Amino acid sequence: MPSDPFADVLAANAAYASRFELADLEARAAKGLGVLTCMDSRIDPLAMLGLAPGDAKILRNAGARVTDDVLRTLVLATHLLGVERVMVVAHTNCRMAAESEQDVHDEIRAAGGPDTRSITFLTTADQEAALRADVQRARSSPYLGRVTGGGVHSDLGTGRLARIC
Ligand SMILES: [Zn+2]
C-alpha cells in the first residue's frame, strides 16, 4: 500500500489531540453567529472575525453562495444550534466572480477533467448583486424565522471587511 496521502495531517492531529482543550465546548454557537464564506484557502474565518472554536457555525462553499444546502444547514443552525445572525462573506479575487460558467467548464476540460456542463457552479458577473440577493434569500426564508442576515466583502489584500448589506 502506498504511503497514506493524509499522513502529514494525521501526524499533526496527534499533536493537536495531545494538547486538546475543547472537550467541554457546547455545540450551540456561543456568539449566536453563522458565517458563510468561500472555500478559498486564503480565508481564515475564525481569525478574520476575532472568533474562537465554539463561537460560530462556519459554512463554506465555492463563492459563498446561499444554496439549498446552505439553507438546510442554517435551518438547523438557527433552530437547534443558537444561531441568530448570519454573515455572508464574499471576497476579492474570487474565481466564482471572475469567470463565467462556460469559462469554468472550459478550464476543467482543459485541465483534463470531464464535461461538467450539467453542473451549475453559480458564477456571477456582479458579485455585490449576488451577495445582496443571497443575503435576501436567507432573510426571506420562511424556515429561518427572525434570523438577522448581513453581507460583507473581504479584501484578501488587507484582511479588511466592508459591509455591503
Ligand atoms: Zn472565492
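A residue is called buried here when its relative accessible area is under 20%, exposed when that value is over 50%, and partly exposed in between, with a 1.4 Å probe and protein chains only. The model is a predicted one, so to speak of local features takes a pLDDT of at least 70 and side-chain atom pairs count only at pLDDT 80 or more, while totals for chains, interfaces and linings use all residues. Residues are numbered from 1 along each chain as its sequence is written, and side-chain values use heavy atoms, with hydrogens and water left out.

Now for the overall picture. The chain has 6 helices and 5 strands, where helices (H or I, at least four residues) and strands (E, at least two) are DSSP runs numbered from the N terminus. Read from that end, the order is α-β-α-β-α-β-α-α-α-β-β. The C-alpha trace spans about 50 × 45 × 30 Å along its principal axes. Of the 165 residues, 34% count as buried. The chain exposes about 10200 Å², and carbon and sulfur atoms supply 54% of that; such areas come from the Shrake-Rupley method with a 1.4 Å probe, and for residues only the protein chains shown count as cover. Contact means heavy atoms within 4.5 Å. Among contacts between residues at least 6 apart in sequence, 63% join residues at least 24 apart.

Next comes the metal site. The zinc ion is coordinated by Cys-38 through SG, His-91 through NE2 and Cys-94 through SG, at 2.0 to 2.3 Å. Donors are N, O and S atoms within 2.8 Å of the metal (3.2 Å for Na, K and Ca), and because water is not among the atoms, sites may look incomplete. Along the chain, the zinc donors follow the spacing C-x52-H-x2-C. The two cysteines link distant parts of the chain: Cys-38 sits in strand β1 (residues 33-38), and Cys-94 in the loop between β3 (85-91) and α4 (95-98), 56 residues apart. Cys-38 counts as buried at 5% relative accessibility, and Cys-94 is buried too, at 6%.

What about disulfides? A search of the whole structure turns up 0 of them, a disulfide being a pair of cysteine sulfur atoms within 2.5 Å. Cys-165 is itself buried, at 16% relative accessibility.

The loop between β2 (56-61) and α3 (68-80) is worth a look, and Ala-64 lies in it. Ala-64 has a positive phi of about 55° although it is not a glycine. Gly-63 lies in the loop between β2 and α3 as well, and is buried with a relative accessible area of 13%. Setting aside neighbours within four places in sequence, Gly-63 is in contact with Cys-38, Cys-94 and Met-96; among these, Cys-38 and Cys-94 are zinc ligands.

Another positive phi turns up at Leu-122, near 65°, again in a residue other than glycine. Leu-122 lies in the loop between α5 (101-110) and α6 (127-139) and counts as partly exposed, at 33% relative accessibility. The C-alpha atoms of Gly-63 and Leu-122 are separated by 7.6 Å, though the two residues are 59 apart along the chain.
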